[in-house]
Amino acid sequence: MTKYDLTGMRFGRLVVTDQAPKGKSAQFLWNTVCDCGTRRVNYASNLRRGVTKSCGCLIAEGARQRNTKHGMFGTSEYGSWSSMMSRCRNERDPAFAGYGARGIYVCEEWKDFARFFADMGPKPGKGYSIERIDNNRGYSPDNCKWATSFEQGNNKRTNRVVEYRGQTMTLSQALTLSGAPKSRTTSRLLDGWSAQEAIDLPVGSRPTIRTQPPRKKRR
């Protein structure tokens, strides 16, 4: 038995079921089952180094996509679709932890690029990428749009939402609208100022309303 027990581990589309008997080679072999249902025996070294990621269906699928009738392989829209699929389904994708592992999915229809493009259409211009309107939901026609990086920055889960000039918006949007410095505004908000006063009152002013007790100053 190899000191590396791969049983139950996933490598791309392959899940290891158990160790296979050694063949003529001195390398360790493992039985795997692909997401498509095909069973194969693979070398441990190829699995662990990422050389083997499927039973072969991944390569065939890529070839079909490149030769498919939509003829959009290599376009910016195709790149956005491919990246979306990878971060939601490929555990080795660096972004998987914030997407697939968090339960963010791609709807069944959009697993076909042609359907995705029919729903989304071409990008409006340079600098646009796909954005989920509700960050807690997956990729689907009713939850996605093409957006600029600025728009996407205002839709992050970590954004602070404030009430400013009678509207609800992100702090970033409010600062862009007012031109107020971020560092001063953030410091005031931490001290319990209302967003309106933290953004609009000039240097040297004192708040008339505090939304929370001021933070304790470090000595």
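Helices (DSSP runs of H or I, at least four residues) and strands (runs of E, at least two residues) are numbered here from the N terminus. The structure is a predicted model, in which local features need pLDDT of at least 70 and side-chain atom pairs count only at pLDDT 80 or more, while totals for chains, interfaces and linings use all residues. Residues are numbered from 1 along each chain as its sequence is written, and side-chain values use heavy atoms, with hydrogens and water left out.

The chain contains eight helices and eight strands. Of its 219 residues, 34% count as buried, a word that stands for under 20% relative accessible area, with exposed meaning over 50% and partly exposed lying in between (1.4 Å probe, protein chains only). The accessible surface of the chain amounts to about 13,700 Å², and carbon and sulfur atoms hold 51% of it; such areas come from the Shrake-Rupley method with a 1.4 Å probe, and for residues only the protein chains shown count as cover. Contacts are heavy atoms within 4.5 Å. Among the contacts in the chain with a separation of 6 or more, 34% are between residues 24 or more positions apart.

Four strands form an open sheet in the order E1-E2-E3-E4, and their pairing is antiparallel. Strand E1 (10-11) and strand E4 (39-43) are at the edges with a single partner strand each, so one side of each has no neighbour in the sheet. Two strands are taken to pair if DSSP finds at least two bridges between them. Strand E2 (residues 14-20) is joined to strand E3 (residues 29-34) by six bridges, and within this pair Val 16 faces Thr 32, while Val 15 is opposite Val 33. Val 33 also has a bridge partner in E4, namely Arg 39. E3 and E4 are linked by five bridges and run antiparallel. Their hairpin has four residues between the strands, and there Gly 37 adopts a positive phi near 105°.

Neighbours within four places in sequence aside, Leu 6 contacts Phe 11, Val 16, Trp 30, Ala 44, Leu 47 and Arg 48. The C-alpha atoms of Leu 6 and Val 16 are 6.3 Å apart, although ten residues separate the two along the chain.

A nonpolar core is a set of buried Ala, Val, Leu, Ile, Met, Phe, Trp, Tyr and Cys residues joined through side-chain atoms within 4.5 Å. The largest one has 17 residues, of which Met 84, Trp 110, Phe 116, Ile 130 and Tyr 139 touch the most other members. Helix H3 (76-89), helix H4 (113-120) and strand E6 (144-148) each provide at least two residues of this core, and H3 contributes the most, with five. Beyond its neighbours within four places in sequence, Tyr 139 has contacts that include Met 84, Tyr 99, Trp 110, Ile 130 and Cys 144. Apart from this core there is another, of twelve residues, including Met 169, Leu 189, Ala 198 and Ile 199.

At the start of H4, a side-chain oxygen of Asp 112 comes within 3.0 Å of the backbone nitrogen of Ala 114. Just after this helix, Gly 121 has a positive phi of about 75°.

Ser 140 sits in the loop between strand E5 (128-132) and E6. This serine is buried, with a relative accessible area of 8%. Not counting residues up to four places away in sequence, Ser 140 touches Cys 107 and Trp 110.

Helix H7 (residues 182-190) has Thr 185, Arg 188 and Leu 189 as buried residues. These cover an arc of only 100° around the axis, so they are on the same side of H7. Their cover includes helix H6 (171-178) and helix H8 (195-200). After H7 comes Gly 192, with a positive phi near 95°.

Note on methods. Polar contact = N/O pair within 3.5 Å; in protein donor to acceptor, adjacent residues only side chain to side chain. Arc of directions from axis to C-beta.
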